[in-house]
Amino acid sequence: MVALPATVSMISGAPVLKVNAAGKITPTDSKKWASTYAKIVSPTNYNNTVAILGHVLNVAIEAGVLYSNPAAVLKRAAIRGKEIALPSIDKFNALIAEMRN
């Protein structure tokens, strides 16, 4: 069995994409793995791992093991924006007054 990508197995409880050979990974295998993995990691971590998986499978294409990249069907996860907490006008004016003194 080959577990791809190797970094995924280092995360406790993370799903591992298991196949008998790199040439037998299907887009369905990729989607199933991605749907499970996306639930347990941050969107940034997911996107980085999907990118690495795609690069690894591109190497398999160059080596003649695969004809197409089964990870090409995977979509990037949306990155959640950070909530910005601005001070009230009174607190802002107090801050400016403090900086001037």
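Asn47 is tucked away in this predicted model: its relative accessible area is 3%, so it counts as buried (under 20%; exposed is over 50%, partly exposed in between, with a 1.4 Å probe and protein chains only). Asn47 sits in helix H2; helices here are DSSP runs of H or I with at least four residues, numbered from the N terminus. Leaving out residues up to four places away in sequence, Asn47 touches Arg76, Ala77 and Ile79, where contact means heavy atoms within 4.5 Å.

Next comes the core. Nonpolar side chains tend to be buried together in soluble globular proteins. The largest nonpolar core here has 13 residues, and Trp33, Tyr46, Leu53, Leu57 and Leu74 have the most contacts inside it. Such a core is a set of buried Ala, Val, Leu, Ile, Met, Phe, Trp, Tyr and Cys residues joined through side-chain atoms within 4.5 Å. Helix H1 (27-37) and helix H2 (43-62) each supply at least two of its residues, and H2 gives the most, with five. Tyr46, neighbours within four places in sequence aside, is in contact with residues including Ala34, Val41, Leu74 and Ala77.

Over in helix H3 (residues 89-100) lies Phe92. With 43% relative accessibility, Phe92 is partly exposed.

As for the ground rules, residues are numbered from 1 along each chain as its sequence is written, and side-chain values use heavy atoms, leaving out hydrogens and water. Local features need pLDDT of at least 70 and side-chain atom pairs count only at pLDDT 80 or more, while totals for chains, interfaces and linings use all residues.
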